[in-house]
Amino acid sequence: LLELKHRANNSSLPDVEIVDLREEMLSGNKSMISKKLYNEIEKNIQNKKQTILFLNRRGYSTFIMCRDCGYTVKCKNCNISLTYHSYEKKLKCHYCGYEEKLVTVCPECHSDKIRYFGTGTQKLEAEINKMFPNARTIRMDVDTVNRKNSHEEILNKFKNDSIDILIGTQMVVKGHHFPNVTLVGVLAADLSLYVSDYHAAERTFQLLTQAAGRAGRGEKPGEVIIQTYNPEHYSVICAKNQDYNQFYEEEIFYRQAMRYPPVWHMLVVLCASKEEAEAYACAKELADTMEKVQADKKLQMIGPADAAVAKVNDIYKKVLYFKHPDYGVLIQIKDKVEQLMEEKQGVRNVSVQFDFDPVNGF
């Protein structure tokens with residue numbers, strides 16, 4: 001448990017309010033901006049105060065689907081849907097960089113009922129410009145900081161050029177000091193919760209507390225509005241209350257129950273190949289062998305399974321997970337796997353990688 005007990009300049013913590021997006025939908029508000037956040041942005045603009053809007057997903061729409069047959073446009077190299085970027089009018093893969101033109105007719109059923117779903121920072125920027133046409137806005141994400149020094153240029157512009165609203169991904173909430181920012185809006189606090197990673201709640205808590213930390217850093221008091229479909233989740237509630245201890249108690253209970261780090265240790269073994277069958281066969285053989293040679297009853301093995309993204313840049317990924325309270329046992333397993341790979345013939349097309357107590361996963 002690591003705590004940050006004092007803010008910059010010893011300023012007071014901002015007021016944090018959680019907005020339940022389910023209630024917004026029931027009231028007929030289908031926009032990305034809740035009524036509460038809209039009113040506070042409008043008030044901030046009138047008072048010549050600055051606002052940061054945080055949405056941890058770039059692009060315009062997160063996937064494109066045919067309404068008639070359900071076909072989803074995916075990257076030809078990766079097992080992931082392409083994201084629509086409106087300014088370039090292109091579909092892009094955020095893993096390998098593959099791009100293609102907009103799809104207007106479904107390649108499967110030839111229907112023209114192609115629809116765009118999900119949202120990203122480009123779409124948020126377009127909506128804010130419609131809602132507040134007189135406000136000066138600027139966007140900061142990977143797509144706008146791809147030139148040398150563009151990162152600093154955007155931040156300096158926001159700080160010095162009377163920009164009203166800064167829109168961006170997680171790069172706008174980490175460590176910046178803007179004394180005139182009195183309002184921070186978190187557009188979709190759930191995004192980081194629904195990923196296949198045991199760090200999901202921890203990352204959500206970190207991002208929300210970091211986002212909240214951008215508001216009210218000067219003499220003016222700050223306000224934070226967290227929009228979420230899951231207002232009861234402990235990571236959201238603890239972030240609202242800046243309650244590190246309560247979050248730790250909730251999260252460490254979950255880690256203990258599931259035997260995840262830091263309670264137990266974990267070793268991830270990744271088998272990667274251009275041929276899916278070869279990657280799976282290698283992982284399966286390693287799993288079968290380890291089951292025979294490991295007599296330790298505490299050892300838990302899961303897999304073979306697909307990696308979180310099963311195919312990236314035409315490389316198929318299969319994973320094995322080993323969990324044990326003793327780090328030394330996992331080192332022995334790694335050594336055994338390396339020995340097996342040296343002895344085994346015909347697996348030159350498969351690469352094996354290891355990660356202990358993974359932070360990002362494969």
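**The whole chain**

Begin with a cartoon view, and keep in mind that this is a predicted model. The chain has nine helices and 15 strands. Its C-alpha trace spans about 70 × 55 × 45 Å along the principal axes. Of the 362 residues, 46% count as buried. If you display contacts between residues at least 6 apart in sequence, 70% of them join residues at least 24 apart.

**Helix 5 and its two partners**

Now select residues 200-212, which form helix 5, together with residues 234-241, which form helix 6. The axes of helix 5 and helix 6 are 9 Å apart, at an angle of about 25°. That angle is under 35 degrees, so helix 5 is roughly parallel to helix 6. The crossing of this pair is right-handed. Show side chains next: Ala 201, Thr 204, Phe 205, Leu 208 and Thr 209 of helix 5 make the contact with Tyr 234, Ser 235, Val 236, Cys 238 and Ala 239 of helix 6. By class, this contact has seven nonpolar, three polar and no charged residues.

Helix 5 and helix 7 cross in a left-handed way. On the helix 5 side look for Ala 201, Glu 202 and Phe 205; they meet Tyr 244, Phe 247, Glu 251 and Arg 255 of helix 7. The class count for this contact is four nonpolar, no polar and three charged residues.

**A buried valine**

Select Val 224, in strand 11 (residues 223-228). With 0% relative accessibility, Val 224 counts as buried. Leaving out residues up to four places away in sequence, Val 224 touches Pro 14, Asp 15, Val 16, Glu 17, Val 184, Ala 212 and Ala 215.

**Cysteines**

How many disulfides does the structure hold? It holds zero. Select Cys 78 and you will find the nearest cysteine sulfur, that of Cys 96, 3.7 Å away. Cys 78 is buried, at 3% relative accessibility. Then go to Cys 282, where the closest cysteine sulfur belongs to Cys 271 and is 3.9 Å away, too far for a bond, because a disulfide needs the sulfur atoms within 2.5 Å. Cys 282 is also buried, with 3% relative accessibility.

**Backbone stops**

Zoom in on Pro 261 and Pro 262, which are joined by a cis peptide bond with omega of about 5°. Pro 262 sits in the loop between helix 7 and strand 12 (265-273). For another cis peptide bond, select Gly 303 and Pro 304, again with omega of about 5°. Pro 304 is in strand 13 (residues 300-312).

Finish with two positive phi values in residues other than glycine. His 110 has phi near 65° and belongs to the loop between strand 6 (99-101) and strand 7 (114-117). His 110 is exposed, at 61% relative accessible area. For Asp 314, phi is near 70°, and its place is the loop between strand 13 and strand 14 (315-324). Asp 314 is partly exposed, at 35%.

Conventions
Residues are numbered from 1 along each chain as its sequence is written. This is a predicted model: local features need pLDDT of at least 70, side-chain atom pairs count only at pLDDT 80 or more; totals for chains, interfaces and linings use all residues. Side-chain values use heavy atoms; hydrogens and water are left out. A crossing is left-handed if the near helix is turned anticlockwise from the far one by less than a right angle, and right-handed if clockwise. Helices (H or I, at least four residues) and strands (E, at least two) are DSSP runs, numbered from the N terminus. Contact means heavy atoms within 4.5 Å. Ala, Val, Leu, Ile, Met, Phe, Trp, Tyr, Cys and Pro count as nonpolar, Asp, Glu, Lys and Arg as charged, and the others, Gly among them, as polar. Buried means under 20% relative accessible area, exposed over 50%, partly exposed in between (1.4 Å probe, protein chains only). Axes are lines fitted to C-alpha atoms, for helices over the stretch in contact, and angles run from 0 to 180 degrees between N-to-C directions. Angles under 35 degrees count as roughly parallel, over 145 as roughly antiparallel, 65 to 115 as roughly perpendicular and the rest as oblique.
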